[in-house]
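Subject: Structure handover

Hello,

Here is the structure you asked for. Please open it first, then read my notes below.

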Amino acid sequence: MKADGKDLSPGRKAHLAAEAALRFRATEYVGSYPRIEDCPDSSLIPVIAVTGRSNSGKSSLISAMCDHHNLARASGAPGKTRALNYFRVPQHSAPPHGLYLVDLPGYGFAKVSRGERRALRAMVDRFLAEVENMVVLVLVLDAKRKLESEEESIVAFCRQFGRPLILARTKWDRLNAKEKNVARKDWKERGLSEITLPVSSTKKTGIGELLKAVRSHLPGSDSQKAAT
Ligand SMILES: Nc1nc2c(ncn2[C@@H]2O[C@H](COP(=O)(O)OP(=O)(O)OP(=O)(O)O)[C@@H](O)[C@H]2O)c(=O)[nH]1
Ligand SMILES: [Mg+2]
């Protein structure tokens with residue numbers, strides 16, 4: 001593919017333009033909050049929360065959704081998010097008054113003590129139960145991994161409380177054809193096909209589909225207009 005896009009077919013160009021229109025442009029880092037009590041007030045601003053196991057690709061995915069390569073770095077070294085990281089998407093990218101994208105701390109990080117793992121997981125659970133105005137939760141899962149008890153409990157929580165959920169299977173670029181089939185079979189058997197999307201933040205595949213799904217949950221969403 002040429003950088004100037006001259007070699008692209010008209011169909012591919014149209015697809016890329018539609019995808020670009022969906023991205024959360026000009027998103028800014030607001031801050032990192034180790035305690036829920038200190039987080040920005042979201043009573044009037046919709047929240048898109050992104051959660052998942054440590055190193056699953058949450059920060060990279062947020063950067064890809066915002067088309068902003070420094071966002072993940074702004075919140076600390078990749079793979080080390082330990083606080084609730086808030087990003088503000090401006091009004092022109094997200095109706096009606098902008099929104100918050102929240103990068104939750106990764107749970108299940110092997111290199112921290114058992115006590116800290118428990119505390120991080122408890123913070124994620126409390127956030128999901130208590131944060132105001134969460135319009136959709138994006139559960140990020142490395143496509144090579146199966147759902148484990150943590151992911152199963154988050155899916156069960158969302159089903160029980162009617163929280164909209166999207167499962168982003170990240171690092172899809174690392175799977176061969178056989179592994180992709182195994183992954184697809186697994187999420188089909190679990191009845192998760194409709195809310196599961198394979199994505200690659202590095203190859204930028206599946207990001208448009210994810211953005212479309214996320215935007216469909218926004219109040220006053222103009223996703224249909226942006227996508228056509
Ligand atoms: N090949 C590939 N690598 C990825 C992808 N997404 C993330 N990575 C890599 O996976 C590692 C972890 O990514 P992060 O985005 O920092 O993961 P995280 O979930 O935010 O990690 P924590 O902050 O610890 O919870 C980094 O080295 C990324 O470059 C992807 O789609 N494909
Ligand atoms: Mg992170």
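Start with helix α6, residues 177–189. This helix has 13 residues and reaches 18 Å from its first C-alpha to its last. That is close to the 18 Å expected at 1.5 Å a residue. (The expected span is 1.5 Å times one less than the number of residues.) After α6 comes G191, whose phi is positive, near 70°.

Some ground rules. This is a predicted model: local features need pLDDT of at least 70, side-chain atom pairs count only at pLDDT 80 or more, and totals for chains, interfaces and linings use all residues. Residues are numbered from 1 along each chain as its sequence is written, while chains are lettered from A and ligands numbered from 1 in the order in which they are written.

Now the overall picture. The protein chain has eight helices and seven strands. Both are DSSP runs, numbered from the N terminus: helices are H or I with at least four residues, strands are E with at least two. Of the 228 residues, 35% are buried. Buried means that 20 or more other C-beta atoms lie within 10 Å of the residue's own; exposed means 12 or fewer, and partly exposed is in between, with C-beta atoms placed from the backbone. Take the contacts between residues at least 6 apart in sequence: 74% join residues at least 24 apart. A contact means that two C-beta atoms, placed from the backbone, lie within 7 Å.

Next, strand β4, residues 99–103. Five of its five residues are buried, so β4 is largely enclosed by the rest of the structure. Both faces are covered. L99, L101 and D103 lie on one side, Y100 and V102 on the other.

Which strands does β4 pair with? Strand β2 (residues 47–52) runs parallel to β4, joined by four bridges. Strand β3 (residues 84–89) runs antiparallel to β4, with five bridges. Pairing requires that DSSP finds at least two bridges between two strands. V102 in β4 is the bridge partner of A49 and also of Y86. Y100 in β4 is the bridge partner of V47.

β2 is mostly covered too: six of its six residues are buried. V47, A49 and T51 take one side, and I48, V50 and G52 the other. Six bridges join β2 to strand β5 (residues 134–142), and these two run parallel. V50 stands opposite V138 in β5.

Is R121 buried or partly exposed? R121 has 16 other C-beta atoms within 10 Å, so this residue is partly exposed. R121 is found in helix α4, residues 114–130. Leaving aside neighbours within four places in sequence, R121 is in contact with Y107 and E150. R121 and G52 are 69 residues apart in sequence, but 10.0 Å apart in space, C-alpha to C-alpha.

Last, confidence. pLDDT is the predictor's confidence in each residue, from 0 to 100. The chain averages 86, and 88% of the residues score at least 70. Strand β7 (residues 196–198) has the highest mean, at 98, and helix α8 (residues 223–227) the lowest, at 43. Over residues 223–228 the pLDDT is below 50. Beyond near neighbours in sequence, that stretch has eight contacts in the model.

Best wishes
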